[in-house]
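Keep the sequence and the 3D view open while reading.

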Protein chains: 2
Amino acid sequence: MESYEKLVTELKTLAKYGSALSLLSWDEEVNLPARAHSYRGEVNALLSSDFHNRLTKQETYDLVAKLSEPGIFSGLSDDQKTVVRETKRDLDMARKLPTEFVEKMSLLTTKAFGVWVEARKKQDFALFAPILEEMLAMKKREAELLGYKTSPYDALLDEFEPGMTTGSVDAVFKPLGQELSKLIASVKSEPAVIAASNYPKAAQEVLSDRIARQLGYDMDAGRIDVSPHPFTISFHTTDVRVTTRYDETDFWVSLGSTIHEVGHGLYEQGLPEEHFGTPLGEAVSLGIHESQSRSWENFVGRSRAFANYLHPVLTELFPGISYSPEQLYRWLNRVRPNLIRVESDEVTYNMHIILRYELEKALIEGDLNVADLPAAWNEKVKKYLGLDVPNDALGVLQDVHWSHGSIGYFPTYTLGNLYAAQFFNAAKKALPDMEKDFAAGNFSGFLGWLRENIHSQGRRYTSAELVKKVTGEELNAKYLLDHLREKVALAN
Amino acid sequence: MESYEKLVTELKTLAKYGSALSLLSWDEEVNLPARAHSYRGEVNALLSSDFHNRLTKQETYDLVAKLSEPGIFSGLSDDQKTVVRETKRDLDMARKLPTEFVEKMSLLTTKAFGVWVEARKKQDFALFAPILEEMLAMKKREAELLGYKTSPYDALLDEFEPGMTTGSVDAVFKPLGQELSKLIASVKSEPAVIAASNYPKAAQEVLSDRIARQLGYDMDAGRIDVSPHPFTISFHTTDVRVTTRYDETDFWVSLGSTIHEVGHGLYEQGLPEEHFGTPLGEAVSLGIHESQSRSWENFVGRSRAFANYLHPVLTELFPGISYSPEQLYRWLNRVRPNLIRVESDEVTYNMHIILRYELEKALIEGDLNVADLPAAWNEKVKKYLGLDVPNDALGVLQDVHWSHGSIGYFPTYTLGNLYAAQFFNAAKKALPDMEKDFAAGNFSGFLGWLRENIHSQGRRYTSAELVKKVTGEELNAKYLLDHLREKVALAN
């Protein structure tokens, strides 16, 4: 069908511009010299608005509209239907945002990021407050432009997790928070420790590289670099890059983040290359993406089987270590509330997310003023984690997200944990020997299961449909809670 | 003046697209995963042809044409006149090349580069011959499109060294070649050696970083990465990147190339930032660019004063070394013909260029067939350097340039040496204590002189005008020959 082919050609061209934009972002986080940020912001803004203009142009929309007409749509193959339906969703959303708005947002995020870095360094929220006000005004405007039924926060959430609403998040997060509070209160013992050791960066690089390959990450279609905030980015199925960061006193800082990011990377490398640029070659949502990173980090990487596999590798690379595989396993699963989200254990981590979700929703819905944010933050940290926040850098200024304009993003982390637990449970049923394989350093069974059930599907299903299809039931917090109860039992 | 402001705005926008394109190139050389080359080639081709379309669009040309009308031009300031005159030159040239041609060339160079890598690996010119034929046909077509008076090679040369012709190159290269042949024949002794030592890569990285900063390279507006073929690229005055490569048996492989590339980088960092994107913020030519890298590499880096400064730094970083500063100096200046251009000494290096110049001119002018190229190469290597070429990898396949479509580029290397010698002589007259300063690790006098006389000028003058203005005379090979005679005297 000629119009369908035309649409796919245009989508593949758009994807090439998207790759160039992504390279600018990757480079900004990994390489950019200090003095180059201002100019780079201008380049980003120019290319972002060009991209938006091209994405939203009338000819493409007309093609999609024509292909969406019932008489034509019904004649399409299943694959074609997915491409048309999802592209229509993307374009409907994108066309609601004027190019000036996109360009202004691009400039604002570059500026806000710089202000946030400075404010965090000086531990002073007041420096960040004015630009956060500006950002919130922009995000409220964005919500109005996109439209919503109940809460403006719904519109923002939908950008990251299509179909998810404040109502559906509340329905999962409220009972989850209550159960987690009980669980956290039940933690008795001091967290497990292992003997201090020194982990030279060069050996940690070898470790990251070796484990990444062992998990199945294709280093000929990817690379591992260093950035202060580890992330994954894909330019194409053959070029998916992850980053990590190194701490010579704790090898898990790099290895844990490498495994996490490699989880994202495996998803991107596993999307069908022939569909690259179309929704069939794209990830379902941020929540499903996060389910992949969390599966590998927490369900594989923190398992007893993995500790047994990892221990001899560590002993080879760091001859000084003196702890046993079991001690390693217990240390990887220690539970203790931490002020910093990214340093938190699996159990308390989700309270960090619930806290951020409640606060950003209140900011967007107008129930909380920016000036009152630090106090509200500190109060919730006390209530949910039992900790006092000594300064803003260890509190409200710790995360980059708000400076990036990513509001509605945090919930996808806990959704990812929930999906991961439910998927992992299903994989275990399908592959009874899976954990025995992990202990032997063989991860291809689990990867194959993810490839078949999740990666190869692209955006064929929404996250809710995918969970149902893969696990046979709706999203159910039971699986994550069972998993976390095991962790608390181990810690006690 | 409104049309002038409009022109500058458009040029600065074009520069931003140029920066994105340059980032793609840098990333391709420094980071690209093995499997990603094919897709990256498509992205490059798309963005290159977009850039060419925008560069050559009628509205911009109309602005320039209007500003070039005598009545209007005469009312412009000197700076404005430079911008209009040079932009007109650029656009006249660019508009002669159809977008399809540019896109085809972009795809061809990506493909040819891959073939060249493979052919060199297999030491088999026959594998490269068909695509080189294709490349030559394209370059002949390019010469026809651009136009020329005498030789099609003139058109290609003019792209890299504006104003230079086959005639003017011959007038310099022929007598230079004759003098150099005599000089090379007069080399008597065995080349100086220094005791073998091991230079760990980590310490060499410290060395490169320290020396680059000491020479004046701003690391907050640049960075040093690794690539198989070291190069310099500028995205903006605040983001100028160099690369190097490491050999643990020879620190000069990295340090020499770092100093060379930093010489290029200092030029780019020294261009007037406020004029970025316009000809006033651009380098004069490749030859003048090369004069900067060669000044720092050969006239500073291989001087006795620099060896005296460098020796204690080496002793600190590589405690095992046992040679004296004078031995270091003599080793840095040893003379011995080498099959490989980039490993050649200063004296024999220029014979490599003359050889390539003669061959590529003959190929373009139709006096040499691709099939006869390896034999012609080997014959000239025997005649000019007295060496037998054992295989194509050490002969005709050693350089990347032809696969990149860079024909007419090689002469700029020797032009750079000639300019460097003449500039350095002028600088020494202006700064009599310059070499004493080098010995003390102080390079700011020489850098300041280059900043004032060359870097800050942008494209205000052609290379011929600049040489005249800065040194008081036309290009004169005497200065390079005097310098090389000293090197031979030292070696004998």
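The sections below go from the pair of chains down to single residues.

## Basis of the model

This is a predicted model: local features need pLDDT of at least 70, side-chain atom pairs count only at pLDDT 80 or more, and totals for chains, interfaces and linings use all residues. Residues are numbered from 1 along each chain as its sequence is written, while chains are lettered from A and ligands numbered from 1 in the order in which they are written.

## Two copies, one axis

The same surface serves both copies: 100% of the contact residues of chain A recur in chain B.

## The chain A to chain B contact

Contact involves 24 residues of chain A and 24 residues of chain B. Two residues are in contact if their C-beta atoms, placed from the backbone, lie within 7 Å. On the side of chain A that touches chain B, helix 1 (2-30), helix 2 (37-55) and strand 1 (222-226) of chain A each supply at least two residues. Helix 1 of chain A gives the largest share, seven residues. Helices (H or I, at least four residues) and strands (E, at least two) are DSSP runs, numbered from the N terminus.

By residue class, this side of chain A holds 11 nonpolar, six polar and seven charged residues. Ala, Val, Leu, Ile, Met, Phe, Trp, Tyr, Cys and Pro count as nonpolar, Asp, Glu, Lys and Arg as charged, and the others, Gly among them, as polar.

## Domains of chain A

Chain A is assigned domain 1 (2-95) and domain 2 (123-492). These bounds come from an automatic or database domain assignment. The centres of domain 1 and domain 2 of chain A, taken over C-alpha atoms, are 27 Å apart. Their contact takes 18 residues from domain 1 and 16 residues from domain 2 of chain A.

On the domain 1 side, helix 1 and helix 5 (78-94) of chain A each supply at least two residues. Helix 1 of chain A gives the most, with 12 residues. That side of domain 1 divides into nine nonpolar, five polar and four charged residues.

## Strand 3 of chain A

Strand 3 (residues 239-244) of chain A has six of its six residues buried, so it is largely enclosed by the rest of the structure. A residue is buried if 20 or more other C-beta atoms lie within 10 Å of its own, exposed if 12 or fewer, and partly exposed in between; C-beta atoms are placed from the backbone. In a regular strand the side chains alternate between the two faces of the sheet. Here both faces are covered: A:D239, A:R241 and A:T243 are buried on one side, and A:V240, A:V242 and A:T244 on the other.

Strand 3 of chain A has pairing partners; two strands pair if DSSP finds at least two bridges between them. Strand 1 of chain A runs parallel to strand 3, joined by five bridges. A:R223 stands opposite A:R241 in strand 3 of chain A. Strand 2 (residues 232-236) of chain A pairs with strand 3 in the antiparallel sense, over four bridges. A:H236 stands opposite A:D239. A hairpin of two residues joins strand 2 to strand 3 of chain A.

## A buried loop residue

A:L271 sits in the loop between helix 11 (251-270) and helix 12 (286-300) of chain A. A:L271 is buried, with 24 other C-beta atoms within 10 Å. Leaving out residues up to four places away in sequence, A:L271 touches A:T237, A:G281, A:E282, A:H455 and A:G458. A:L271 and A:S456 lie 185 residues apart in sequence, but 5.3 Å apart in space, C-alpha to C-alpha.

## Helix 20 of chain B

In helix 20 (residues 463-471) of chain B, the buried residues are B:S463, B:L466, B:V467, B:V470 and B:T471. Down the helix axis they fall within an arc of 100°, so they line one face of the helix. The arc is that of the directions from the helix axis to the C-beta atoms. These buried residues pack against helix 12 (286-300), helix 17 (411-430) and helix 19 (444-453) of chain B.
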